[in-house]
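Have the sequence and the 3D view open side by side for this one.

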Amino acid sequence: MQLVEKKKLKLDDDVNKYLSFKVVNPNYPKTPITIRMLLSHRSSINDKIYSWSLDQINPETGKRWKECYNDYPPGTKYEYCNLAYNMLGAIIENVSGERFYDYIDNHINKPLGITGSYNLTRIDSSLQVKAYRYYPQTKSFGKDKSEVYDYSFYRKVEDNYKMGFSAAYYSPTGCMRMTAKDLASYMMMHMNFGKYRSKRIISKKSEREMRSPQLGNPEYGLAFAQYPRRIKDVELVGMVGDAHGIHSTMLFDPNGRFGFIVICNGCTTPSSSAGQTMNTEIIQRLYKYIIKN
């Protein structure tokens, strides 16, 4: 949205204007896929063969690239897609001229006083805690074994960084490493319509656009969703998710009166059940005992 405000791109631009490889649904080659579609998860792209790379959707490198697309026209249906957000990271790089994690740190994190980063190597290892998760195969808890906690992995990526491609390894779709306090600062910026502690990150217009339903979906905007049924007669907006042993919820009142952050690890329940507990039951209790009373 910052780049939109600077007129560096438009939400309804064809993504091929900003990527170095062709992105087109082979079933609907005449229908362009736009930045708005990527942001609102209505691009017809899927996570069927998802990996921490853009090679799988690149026709020049992905032998199964056609499987990355669903058989319906772009812009017509919703399907949450991590790959689409990794592609947005590549677009940010190609438009701004900065590495994805540099752009986020320079234009969002540092102005807000956020100490976290998408780049693991910028975080003091003594402050980094590996999340514990439940492994159904062994029916036991253990530290998450993925690359998201592997400093050596990211040092190798940095040494061989390729603009417009390597951003995917930092998972723009959700691998920001930050404290609860950092996340609270980020949430309060959105609660205050793009501004926090005299620092304006995005305009009020951009903030409203992010929250507004997109392309026929009554509840999903641009990265943010509306959650009208979590608390009776109370509307909330924000995002929930889980990955690599972490379950997190960030929901706030659209008028900026209050917001909730819940973070936990290692649930024994499936992700869907854990999410239901966190963004419904816990939120209901927080509202009842802290806000309402």
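## The hairpin of β1 and β2

In the hairpin formed by β1 and β2, four residues lie between the strands, and K139 takes a positive phi near 55 degrees. Strand β1 (residues 132-135) runs antiparallel to strand β2 (residues 140-143), and four bridges join them. One of the pairs to look for is Y135 with its bridge partner S140 in β2. Strands here are DSSP runs of E with at least two residues, helices are runs of H or I with at least four, and both are numbered from the N terminus. Two strands pair if DSSP finds at least two bridges between them.

A word on the source: this is a predicted model, in which local features need pLDDT of at least 70 and side-chain atom pairs count only at pLDDT 80 or more, while totals for chains, interfaces and linings use all residues. Residues are numbered from 1 along each chain as its sequence is written, and side-chain values use heavy atoms, with hydrogens and water left out.

## The four-stranded sheet

Next, find the open sheet of four strands, ordered β5-β6-β7-β8 with antiparallel pairing. Strands β5 (225-231) and β8 (259-265) are at its edges with a single partner strand each, so one side of each has no neighbour in the sheet. On average, neighbouring strands are turned by 30 degrees against each other, direction ignored. Axes are lines fitted to C-alpha atoms, for helices over the stretch in contact, and angles run from 0 to 180 degrees between N-to-C directions.

Seven bridges join β7 (residues 246-252) to its antiparallel partner β8. Within this pair, T249 stands opposite V262. Helix α6 (residues 180-191) packs on the sheet and touches β7 and β8, its direction making about 150 degrees with that of β8. Contact means heavy atoms within 4.5 Å.

## Core and whole chain

The largest nonpolar core has 79 residues, and L236 and M87 are among those with the most contacts inside it. Such a core is a set of buried Ala, Val, Leu, Ile, Met, Phe, Trp, Tyr and Cys residues joined through side-chain atoms within 4.5 Å. Helix α3 (residues 82-96) gives the largest share of this core, nine residues. Leaving out residues up to four places away in sequence, L236 touches a list that includes Y227, L251, F260 and I283.

In total, the chain has eight helices and eight strands. Of its 293 residues, 48% count as buried, meaning under 20% relative accessible area with a 1.4 Å probe, protein chains only.

Key. Buried means under 20% relative accessible area, exposed over 50%, partly exposed in between (1.4 Å probe, protein chains only).
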